[in-house]
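Hello,

Here is the structure I promised to pass on. Please open it first, then read my notes below.

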Amino acid sequence: METYWNGRLQVLTGDITRLDVDAIVNAANESLLRGGGVCGAIHRAAGPELEEACRALGGAKTGDAKITPGFRLPARHVIHAVGPVWRGGGSGEPELLASCYRRSLKLADEHGLRTIAFPAISTGIFGYPKEEAAQVAAETVASFLEKSELPERVIFCCFTEEDAEIYRRILVQRFGG
Ligand code: AR6
């Protein structure tokens with residue numbers, strides 16, 4: 001696992017449901033109910049209590065995020081962030097994607113969470129190009145951390161080595177190798 005910026009940013013390849021962190025972020029949709037992709041994996045690993053807790057949240061708008069306990073996951077909390085569906089880039093997608101990273105980090109800060117792991121939100125079923133999404137993710141997270149002591153550490157959890165390589169390249173450009 002590579003670390004950047006005195007260890008506050010990390011890139012790793014693997015299954016986010018296995019991470020022992022204060023919060024993992026779920027790439028949800030506006031219903032906040034169980035779906036496919038990383039969302040399906042998180043619900044499977046957390047158990048049925050997670051869907052019950054999500055149902056009680058009553059959905060969330062694109063660009064927003066809401067928090068639940070992690071139930072059977074090693075992570076203490078799940079932050080359900082709703083990324084945008086990619087419609088070509090001219091429908092406010094970058095701002096909506098940035099917003100769901102910011103809202104997730106704000107929730108982590110408000111709950112006193114020290115460690116949080118993000119998947120590459122919107123880059124699977126929602127079709128956001130991976131490179132562009134990683135740029136938004138890295139820039140938004142770095143700007144937030146510059147102004148906030150919490151979370152102390154943010155992990156970009158990539159599902160493939162190829163995705164991790166994109167993040168490494170972007171973070172080396174921004175923070176140096
Ligand atoms: N750990 C880490 N990353 C993962 C995992 C995992 N276990 N599984 C997949 N990924 P996606 P979206 C990566 O499709 O595009 C759901 O139905 C995957 O390779 O999960 O935001 C929701 O309910 C990709 O890079 O989320 C919504 O309806 C990234 O996670 C919709 O899909 C996100 O892919 C959200 O679509």
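Start with Arg 8. This model is predicted. Arg 8 is buried, yet it has no salt bridge. The nearest side chain of opposite charge belongs to Glu 152, 7.7 Å away.

What does the side chain of Arg 8 reach instead? It reaches the backbone oxygen of Leu 145, at 3.0 Å. Arg 8 itself sits in the loop between strand S1 (2–4) and strand S2 (9–13). Its contacts beyond four places in sequence include Ser 148, Leu 150 and Pro 151.

Look at Pro 151 next. The peptide bond from Leu 150 to Pro 151 is cis, with omega near -10 degrees. Pro 151 is in the loop between H4 and strand S7 (153–158). Most peptide bonds are trans.

Now the core. The largest nonpolar core has 37 residues. Ile 79, Ile 116, Phe 118 and Val 141 touch the most other members. Helix H4 (residues 130–147) gives the most to this core, with eight residues. A second, separate core has 15 residues, among them Ile 16 and Leu 50.

Last, two backbone angles. Most residues other than glycine have a negative phi. Leu 32 has a positive phi of about 60 degrees. Phe 71 has a positive phi of about 50 degrees. Are they buried or exposed? Leu 32 is buried, at 1% relative accessible area. Phe 71 is partly exposed, at 36%.

Best wishes

Note on methods: Residues are numbered from 1 along each chain as its sequence is written. This is a predicted model: local features need pLDDT of at least 70, side-chain atom pairs count only at pLDDT 80 or more; totals for chains, interfaces and linings use all residues. Side-chain values use heavy atoms; hydrogens and water are left out. A nonpolar core is a set of buried Ala, Val, Leu, Ile, Met, Phe, Trp, Tyr and Cys residues joined through side-chain atoms within 4.5 Å. Buried means under 20% relative accessible area, exposed over 50%, partly exposed in between (1.4 Å probe, protein chains only). Helices (H or I, at least four residues) and strands (E, at least two) are DSSP runs, numbered from the N terminus. Lys and Arg count as positive and Asp and Glu as negative; His and the chain ends are not counted. A salt bridge is a side-chain nitrogen of Lys or Arg within 4 Å of a carboxyl oxygen of Asp or Glu. A polar contact is a pair of N or O atoms within 3.5 Å; within protein, one must be able to donate a hydrogen and the other to accept it, and residues adjacent in sequence count only if both atoms are side-chain atoms. Contact means heavy atoms within 4.5 Å.
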